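Here is a short report on one protein model. Look it over first, then read on.

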Amino acid sequence: MQLLKWSTDLELGLEDIDHQHKQLINMINELSLAIEYAQSNSVTLAIVDRLQGYALTHFKAEEEIFSKYNYTDRAGHDSEHEKFNESIKYIRRQCELIDTPMSARIRDFLLAWLGNHIMTKDKEYKSFIDKMPVQ
Ligand SMILES: [Fe+2]
Ligand SMILES: [Fe+2]
């Protein structure tokens, strides 16, 4: 089974944000294990709920950074977050509607999304901040 491992490649160097990314990875891994061991939908649903709430908190923290630094690709980044929020809502609905264990495809989607998003979009805003003149 594929789990996402934290590595320094994923590190942005922003303590709070790195901590939040680690928490998100832990939650997706927890969901992966629940799927792998075919836990009931109520178990997976509880993890999805926590992931949904934590992702919202994390995205809000990043969006505050974008405001603080007048980040130029804010709209593009926000819309990626929005797409993730919509996907989680869809996953949640599926979880409620279908009384079969959650598909591994969902896990693969979440793992791929988070890894790619940190490595591309999140690293882009960090390098934008790094180029700002020191105030
Ligand atoms: Fe982000
Ligand atoms: Fe992020």
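The text below goes from the overall fold to the metal site, and then to single residues.

**Ground rules**

This is a predicted model: local features need pLDDT of at least 70, side-chain atom pairs count only at pLDDT 80 or more, and totals for chains, interfaces and linings use all residues. Residues are numbered from 1 along each chain as its sequence is written, chains are lettered from A and ligands numbered from 1 in the order in which they are written, and side-chain values use heavy atoms, with hydrogens and water left out.

**The overall fold**

The protein has 4 helices and 0 strands. Read from the N terminus, its elements run α-α-α-α. Helices here are DSSP runs (H or I) of at least four residues, strands (E) are runs of at least two, and both are numbered from the N terminus.

The C-alpha trace spans about 55 × 25 × 20 Å along the principal axes. A compact globule of 135 residues would have a radius of gyration near 14 Å, and the 16 Å of this protein agrees with that. The radius is taken over C-alpha atoms, and the globule rule is 2.2 Å times the number of residues to the power 0.38.

Of the 135 residues, 39% count as buried. Buried means under 20% relative accessible area, exposed means over 50%, and partly exposed lies in between (1.4 Å probe, protein chains only). The accessible surface comes to about 7,800 Å², and 53% of it belongs to carbon and sulfur atoms. Such areas come from the Shrake-Rupley method with a 1.4 Å probe; for residues, only the protein chains shown count as cover.

Now the contacts (heavy atoms within 4.5 Å). Among those with a separation of 6 or more, 75% join residues 24 or more positions apart.

**Two helices and their ends**

The expected span of a helix is 1.5 Å times one less than its number of residues.

| Helix | Length | First to last C-alpha | Expected span |
|---|---|---|---|
| H1 | 22 residues | 31 Å | 32 Å |
| H2 | 28 residues | 40 Å | 40 Å |

Just after H1, Ala-38 takes a positive phi of about 45 degrees. Just after H2, Asn-70 takes a positive phi of about 50 degrees. Asn-70 sits in the loop between H2 and H3. This residue is exposed, with a relative accessible area of 62%.

**The iron ions**

Which residues coordinate the iron ion (ligand 1)? They are Glu-62 (OE), His-77 (NE2), His-81 (NE2), His-117 (NE2) and Asp-122 (OD), at 2.1 to 2.3 Å. Donors are N, O and S atoms within 2.8 Å of the metal (3.2 Å for Na, K and Ca); water is not among the atoms, so sites may look incomplete. In sequence, these donor residues follow the spacing E-x14-H-x3-H-x35-H-x4-D. Glu-62 lies in helix H2 and His-77 in helix H3 (residues 74–97), so this pair ties together parts that are 15 residues apart in sequence. Both Glu-62 and His-77 are buried.

The iron ion (ligand 2) is held at 2.2 Å by His-21 (NE2), His-58 (NE2), Glu-62 (OE) and Asp-122 (OD). Their spacing along the chain is H-x36-H-x3-E-x59-D. Why is the arrangement of the 4 donor atoms irregular? They subtend angles of 83 to 171 degrees, which makes it so. Four donors count as tetrahedral if all angles lie between 85 and 135 degrees; four count as square planar and six as octahedral if opposite donors are over 155 degrees apart and all others between 65 and 115; anything else is irregular.

His-58 and Glu-62 are 4 residues apart in helix H2 (residues 41–68), so about one helical turn separates them. His-58 is buried, like Glu-62.

The iron ion (ligand 1) and the iron ion (ligand 2) lie 3.4 Å apart, bridged by Glu-62.

Gln-20 lies in helix H1 (residues 15–36). Gln-20 is buried, at 13% relative accessible area. Leaving out residues up to four places away in sequence, Gln-20 touches Tyr-54, His-58 and Ala-61.

Lys-126 is found in helix H4. Lys-126 is buried, with a relative accessible area of 15%. Beyond its neighbours within four places in sequence, Lys-126 is in contact with Leu-12, Gly-13 and Leu-14.

Asn-116 also belongs to helix H4 (residues 104–131). Is Asn-116 buried or exposed? Asn-116 is exposed, with a relative accessible area of 51%. The C-alpha atoms of Asn-116 and Leu-10 are separated by 9.7 Å, though the two residues are 106 residues apart along the chain.
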